[in-house]
Amino acid sequence: MDEPAATTSPGRSGVRVGLSGKLLLLTIAFVLVAEVLIYVPLIANFRLNWLNDRLAAAHTAAMVLDAAPSGMVPESLAKKILDSIGARAVAVKMGDQRRLLASADLPSSVEDDVDMRHLMWWQSIKEAFDVLLFCKPTDVMRVIGPAPMAKGQFIEIILDEGPLRSAMLSFSVTIMLVSLGISAFTAMLVFFALHYLLVRPMGRLTANMVAFRADPENSARIIERSGRRDEIGTAEEELASMQRELASMLHQKNRLASLGLAVAKINHDLRNLLASAQLFSDQISSLPDPKVQRFAPKLMHAIERAVALCQSTLSYGRAQEAPPDRKTVVVESLIEEVRESLGLTMEVPIRWIVSVERGLTMEADPDQMFRVMVNLGRNAIQALETHGTRDPARDQIRITGRREGEVIAIEVSDTGPGVSERARSHLYQAFQGSTRPGGSGLGLAIAAELVRAHGGEISLIPGTMGATFRITIPDVTVELSARRTARARA
């Protein structure tokens, strides 16, 4: 699409010159500058050639006059010779004598002296423009040049500057007309060449970006690559890739928005159901049965945790998780609670191996750390399910925990197939970092957010069998110190 040479911008006064118009103006300006730079030495050289022609004619005339018997030349013949070379007088120096060969109507004064024997290039340029700009029709000049009749001699002529200025003006007009023609032709060639090579492709890119901005979810608006192998082709490829990624992200955000609305509706009804279940669990807890008394507190705690989770279900998509309420958490008890929540009893053919330092505690939000461990444990179980048949000797989940200086390090590993290379690049991004087909990736995204809220880190340890996730939770004093340092640097 061609860009107009001049368009009016809404809300702004005046005319905005388009890229094509700017290119045309710049091309004409550059060509004219080049012609000016060429004209300057040309006009100086024209003046020198004109003067040299007069000196050559004067030299021929001097030989004729000098060959006359006793140097006597009739006045009428001398005047004709002087008129033929356009001079008022011709003189020559021979030895130590300076001889006037012919003269007619000698002026009372000479306004300009030009010595062609010792003339610098910059001086010739200056004198040429002096003649063009400041010369008067009545001005007279003396021109001295070498005379090859004898060594060390020179010839001297008196000339009117008017004919020289007229010849220079005529030459300048010719050069100007030729320059304008060359400038117009060159500007047209350069303009059309650059217009088709650059301006039109840039206009196509601009038009595509405007159209894509109007409807970014329409895949038909993605630019079609022209197949060029230069910078324009690279720009087209990068723009097409960016548009495809943006369209995909917008489609995903629309799906997430629909999913968020559905979750909000489910969350509202689920809270009501859990409230009813909480009432029933309160009644069950009053029964005297020993098994009921044993499991009822855990059931009530699980329901309370589910209610609290429903209250913050949308916090991930809406803003962020609540700041952690740090308390002293016994790591071994937390892991045991996670095992019970995952239903890994003795009847389940998955070995649950715990290797935690005795009496290990950490300063963390118990509910948030419970969610982190449950998400990692559930991912490990789902990874082991890909094996098909269960084998206790093969299917294992190992939990290790230890203190490393001022941080608590917990590792959750399994003997599953591991994490694919495709999933590693988006491992902690919701709906993109799933490690299994059909997974949403929310578990790892939520776990990573909760760990980072504690000032800790979560990472996938490479080079291990299956998948091993390492969590580090610093002590409160370490986290506060790190935050102060970050604020001071900012």
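Predicted model: local features only at pLDDT ≥ 70, side-chain atom pairs only at ≥ 80, totals over all residues.

Residues are numbered from 1 along each chain as its sequence is written, and side-chain values use heavy atoms, with hydrogens and water left out.

Overall picture, then. The protein has 12 helices and 14 strands; these are DSSP runs, with helices being H or I of at least four residues and strands being E of at least two, numbered from the N terminus. There are 490 residues, and 35% of them are buried. Buried here is under 20% relative accessible area, exposed is over 50%, and partly exposed is in between, using a 1.4 Å probe and protein chains only. A contact is heavy atoms within 4.5 Å. Taking contacts with a separation of 6 or more, 65% are between residues 24 or more positions apart.

Okay, rings. A pair of aromatic rings is described by the distance of the centres and the angle of the planes. The rule is that rings of Phe, Tyr and Trp (its six-membered ring) pair if their centres lie within 6.5 Å; planes under 30 degrees apart are stacked, over 60 edge-to-face, and the rest tilted. How many aromatic pairs does that rule give? It gives 2.

One is Tyr 39 with Phe 129, and it is edge-to-face because the planes stand at 80 degrees, with the centres 6.3 Å apart. Tyr 39 belongs to helix α1 (residues 19-67) and Phe 129 to helix α3 (residues 121-134), so this pair ties together parts 90 residues apart in sequence. Is Tyr 39 buried or exposed? Buried, with a relative accessible area of 17%. Phe 129, at 25%, is partly exposed.

Then we have Phe 46 and Phe 171, which are stacked: 4.5 Å centre to centre and 10 degrees between the planes. Again distant parts of the chain get linked, with Phe 46 in helix α1 and Phe 171 in helix α4 (residues 161-214), 125 residues apart. Phe 46 is partly exposed at 21%, and Phe 171 is partly exposed at 22%.

Now charges over rings. What I count is NZ of Lys or CZ of Arg within 6 Å of the ring centre and within 35 degrees of the ring normal. Arg 54 has its charged end over the ring of Trp 50, 4.0 Å from the centre. Arg 117 lies over the face of Phe 154, and there the distance to the ring centre is 4.9 Å.

On to helix packing. Axes are lines fitted to C-alpha atoms, for helices over the stretch in contact, and angles run from 0 to 180 degrees between N-to-C directions. Under 35 degrees is roughly parallel, over 145 roughly antiparallel, 65 to 115 roughly perpendicular, and the rest oblique.

Take α3 and α4: their axes are 9 Å apart and the angle is about 95 degrees. So α3 is roughly perpendicular to α4. On the α3 side, Ala 128, Val 131 and Leu 132 meet a set of α4 residues including Leu 164, Met 168 and Leu 169.

Next, helix α8 (residues 331-342) and helix α9 (residues 366-384) come within 9 Å and cross at roughly 50 degrees. That makes α8 oblique to α9. Among the contact residues are Leu 334 and Val 338 of α8, and Met 369, Phe 370 and Met 373 of α9.

Helix α9 also meets helix α11 (residues 442-453), with the axes within 9 Å and crossing at roughly 150 degrees. So α9 is roughly antiparallel to α11. Asn 375 is buried, at 14%. Beyond its neighbours within four places in sequence, Asn 375 touches Gly 443, Ile 446 and Ala 447.

Last one: Lys 327, in strand β8 (residues 327-330). Lys 327 is partly exposed, at 46%. Its C-alpha is 9.8 Å from that of Thr 361, 34 residues away along the chain. Leaving aside neighbours within four places, Lys 327 contacts Met 362, Glu 363, Ala 364 and Pro 366.
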